[in-house]
Each structure stands twice: as C-alpha cells, then as structure tokens.
Amino acid sequence: MSEAVMPTYARIDLAFERGEGPYLYTAENRRYLDFASGIAVNSLGHSHPKLVAALEEQGRKLWHVSNLYRITGGEELAKRLVANSFADKVFFTNSGTEAMEGAIKLARKYHSHNGQPQKYRIITCDSAFHGRTMTALSAAGNEKHLDGFGPRTPGFDHVAFGNLNELRAAISDETAAIMVEPIQGEGGIRAASMDFLKGLRTVCDEFGLLLILDEVQCGNGRTGKLFAHEWAEIEPDVLATAKGIGGGFPLGAFLATDKAAAGMVPGTHGSTYGGNPLAMAIGNAVLDVLLEEGFMEKVIEIADYTRDRLENLVASYPAVFQEVRGSGLMLGLKCRVLNTDVISAMRAGGLLSVGAADNVIRLLPPLVIERSHVDEAIAILEDVSKNMAQAA
Ligand SMILES: *Cc1c(COP(=O)(O)O)cnc(C)c1O
C-alpha cells in the first residue's frame with residue numbers, strides 16, 4: 001500500500017477494478033458480493049446502465065459552471081425532491097458533512113432572522129455520527145473522533161438516543177433545534193422508535209425548535225421510503241442527506257421548509273461545486289429510478305426476505321449473533337464474537353460488509369438486489385457462523 005496516502009484509514013489490502021450490479025471484481029477477477037455499497041452509497045449497485053448513460057451524456061455537454069448562473073438540472077432535481085418530501089427548498093452539497101453543516105447554519109440563522117440570535121444551541125444524541133468537519137464532530141461529540149483537534153464548535157448538548165425525558169430537560173432558552181438520525185448508522189444500526197420520532201416533533205412544536213433529521217445514511221430509499229422519517233408519519237423542518245442520493249457520485253443536500261429557510265437569503269451560504277451540472281445529471285438519474293412505479297415496494301419485499309433469513313441465521317447461531325437490527329436494507333447484526341473477526345471471515349468468503357459501533361456488522365446492500373443475492377450472502381454467512389460457533 002502506498003506510503004504517500006495519509007494513513008487515516010486502516011485499509012484492507014484489497015483493490016477493486018470494476019463493479020457490476022451488487023458485485024465488485026479485483027484485477028485478478030476475484031468476485032465479491034457487495035453488501036457494504038461504499039457505506040450505503042451505491043444505492044443502485046455498480047455501473048447501473050442509467051447512471052452510466054447520464055454520466056456519459058452530461059460529461060460530453062457540460063461538467064461545471066458556477067452557482068452564479070442558473071443550473072437547470074439542479075432546478076429540476078430540487079423541484080422533484082420538494083414534490084416528493086416535506087420540503088420547500090433544497091441546497092446541494094458534495095458530501096454528508098457539508099449537508100449537516102448547512103442544516104446547522106440554517107437552524108441558527110432561522111432564530112437570528114426571527115430576532116432571537118441567542119437561540120443557537122442544538123440538542124444531539126449519544127453515539128450519533130454527523131460527519132468529520134469540526135462542527136459535525138462537535139455535534140456528535142464522539143471523544144475518539146475529537147481527540148487532539150483542539151477547541152470544538154460550541155453549542156451542542158448531548159442526550160441519550162431515544163430518551164425524550166432527558167431531551168426535554170436539556171432544552172433551554174438558548175436551544176435552537178434538535179438534530180437526530182432516525183436510524184443511527186455508525187452508532188450501530190440503532191433505529192429510533194416511532195414514538196421517539198413522533199415525540200421529537202411534538203417537543204419541537206411545543207418549544208418552537210427546528211427538527212433536523214440526519215438522513216445521510218438512512219435516506220434515499222434505504223428503508224423502503226424515500227426518507228426514513230416517513231415511516232413515523234412526521235415531517236422535519238430540515239433534513240440533510242447524501243450517500244445514496246448520488247449513487248456513487250459525490251452529492252449531498254439539505255432540505256427545509258420555507259419557514260425554516262426564511263433567513264437563507266443571497267450571500268448567506270455557498271459552495272463552489274455543490275449542485276454542479278454533472279452532479280445534478282446523476283442525481284436526477286438516481287431519483288428517476290428511486291421514483292419508478294413499484295421500486296420502493298420491491299425494496300420492502302426484498303428487505304423483508306433478507307430480514308427473515310437473517311433472523312433465522314441469528315436463531316441458528318446464538319453463540320455468534322445476538323440480534324438483527326435496523327429497517328429496510330439498513331440492517332445490522334449485533335455480534336457476540338468480535339464483529340471485525342466475522343467481517344474478515346465474510347470477506348474471505350466473498351461477502352463485503354462494514355462494521356459499526358456496539359459490535360455490529362452493517363449490511364447495506366444495493367437496493368436493487370434480488371433473492372438470489374440474498375441467498376448467496378446467507379450461504380456465506382452460514383459457513384462463517386458454523387466455523388465461528390465451532391471455535392467459540
Ligand atoms: C456518512 C454520514 C455522514 C457524513 O457524510 P460524508 O459524506 O462522509 O461527509 C453524516 N451523517 C451520517 C448519518 C452519515 O452516515
């Protein structure tokens with residue numbers, strides 16, 4: 001591995017040359033079934049023909065112009081996101097952490113715009129992950145991620161994930177917003193209960209706070225709805241997303257209601273690349289597929305099948321696994337043995353997954369998988385579990 005690459009990742013010594021659907025191939029043509037999807041990014045699998053076509057077509061026409069000009073692809077994508085969500089306004093970014101930064105800025109601006117600049121604090125949850133900029137790190141408050149990086153961005157109060165009483169108690173005259181992942185990803189595939197999500201909406205209404213949802217990982221069809229909060233039948237004021245929205249092209253967005261976004265007037269926020277024509281062409285192509293008639297129903301059906309098979313696996317190997325977690329195709333296996341040992345063994349068997357906190361294995365397959373792919377994954381998991389159970 002190259003000494004020139006800054007070693008902030010403990011990389012696996014494996015390089016892929018191409019991908020097709022849910023499969024990745026090395027230069028030596030070894031095939032892997034990809035149930036990691038670049039951490040919920042390759043929502044439509046690898047080299048999806050519609051995404052490749054959109055990239056090629058736009059690539060010949062125009063890659064980039066400044067946001068100083070109208071970008072018709074972005075106007076179109078924003079309009080479609082608005083038509084299919086709670087939101088009235090969309091700002092495009094290049095990543096999830098930038099979308100979170102934008103959402104945080106918007107929430108602070110909202111109160112200042114309404115003559116209450118003292119309301120700037122945001123309540124967040126333990127074991128959250130919101131990205132790697134200083135403010136996103138400060139928002140999540142993970143000591144390991146913050147260590148050595150100096151003063152953090154002030155203005156974040158942390159409460160236990162899922163505890164409405166603690167959350168209510170943390171509200172002060174300075175509170176601007178509550179910011180939560182409907183399903184914590186890095187934190188270990190921990191899904192908020194429907195009651196907690198509904199309660200967040202109630203509390204925000206009661207205290208005049210904005211509800212910010214981080215759907216960077218759980219959004220874009222991952223749970224069988226365009227956005228995960230739809231299952232709780234609530235609407236946030238602000239939502240940040242990224243990962244699956246670009247299908248592999250760096251793209252993120254934050255969405256807001258007109259009311260919440262009232263302070264975001266010309267000059268208040270910007271991005272050089274955010275929402276450029278190339279990104280917008282691909283974003284529109286991803287959304288074309290996600291919004292196809294019957295697409296989400298298929299996701300829900302294959303997710304139910306996957307979950308059933310995983311529940312059986314866990315029941316068969318209680319020495320290896322404790323439980324199945326998550327929703328839709330954002331699934332976690334809580335392990336009784338070291339998750340990293342299981343992940344390595346799965347990889348050796350040709351199945352890619354990704355770890356999370358709390359000794360969890362994340363299974364985030366492309367949304368376009370078929371039963372045969374699930375069966376193939378389960379067969380590998382069965383083999384791995386058998387060996388692990390014998391060793392345990
Ligand atoms: C990945 C992730 C982020 C950060 O996204 P980047 O594109 O890596 O900046 C933020 N929030 C959640 C929930 C994520 O999973």
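This is a predicted model: local features need pLDDT of at least 70, side-chain atom pairs count only at pLDDT 80 or more; totals for chains, interfaces and linings use all residues.
View 1. Strands are DSSP runs of E with at least two residues, helices are runs of H or I with at least four, and both are numbered from the N terminus. Two strands pair if DSSP finds at least two bridges between them.

View 2. Buried means under 20% relative accessible area, exposed means over 50%, and partly exposed is in between (1.4 Å probe, protein chains only). Strand β1 (residues 16-20) pairs with β2 in the antiparallel sense over four bridges, and F16 has T26 as its bridge partner. Two residues lie between the strands of that hairpin, where G21 takes a positive phi near 60 degrees. Strand β3 (residues 31-34) is joined to β2 by three bridges, again antiparallel, with Y25 standing opposite R31. The hairpin of β2 and β3 has four residues between the strands, and N29 takes a positive phi near 70 degrees.

**View 3. Two arginines over tyrosine rings.** A charge sits over a ring if NZ of Lys or CZ of Arg is within 6 Å of the ring centre and within 35 degrees of the ring normal. R18 lies over the face of Y25, 4.1 Å from the ring centre. Likewise, R371 lies over the face of Y305, at 4.1 Å from the ring centre.

**View 4. Phenylalanine pairs.** Rings of Phe, Tyr and Trp (its six-membered ring) pair if their centres lie within 6.5 Å; planes under 30 degrees apart count as stacked, over 60 as edge-to-face and the rest as tilted. By this rule there are three aromatic pairs. One of them is F91 with F254, a stacked pair at 5.1 Å centre to centre with 25 degrees between the planes. This pair links distant parts of the chain, 163 residues apart: F91 is in strand β4 (residues 89-93) and F254 in strand β12 (residues 252-256). F91 is partly exposed at 22% relative accessible area, whereas F254 is buried at 4%. Then there are F161 and F196, whose ring centres are 5.9 Å apart with planes at 70 degrees, so this pair is edge-to-face. F161 lies in the loop between β6 (156-159) and α7 (164-170) and F196 in helix α8 (residues 194-207), so the pair ties together parts 35 residues apart in sequence. F161 is buried at 16%, and F196 is buried at 3%.

**View 5. N220 and its surroundings.** N220 lies in the loop between β10 (210-214) and β11 (238-241), and counts as buried at 3% relative accessibility. The N220 side chain reaches the backbone oxygen of A242 at 3.1 Å. Leaving aside neighbours within four places in sequence, N220 is in contact (heavy atoms within 4.5 Å) with residues including E215, F227, T241, A242, L290 and L367.

**View 6. The antiparallel sheet.** Another open sheet has four strands in the order β13-β14-β17-β16, with antiparallel pairing. β13 (321-327) and β16 (354-356) stand at the edges. Four bridges join strand β14 (residues 330-335) to strand β17 (residues 360-363), with R362 as the bridge partner of G332. Helix α10 (residues 295-316) packs on the sheet, touching β13, β14 and β17.

Methods:
Residues are numbered from 1 along each chain as its sequence is written. Side-chain values use heavy atoms; hydrogens and water are left out. A polar contact is a pair of N or O atoms within 3.5 Å; within protein, one must be able to donate a hydrogen and the other to accept it, and residues adjacent in sequence count only if both atoms are side-chain atoms. Axes are lines fitted to C-alpha atoms, for helices over the stretch in contact, and angles run from 0 to 180 degrees between N-to-C directions.
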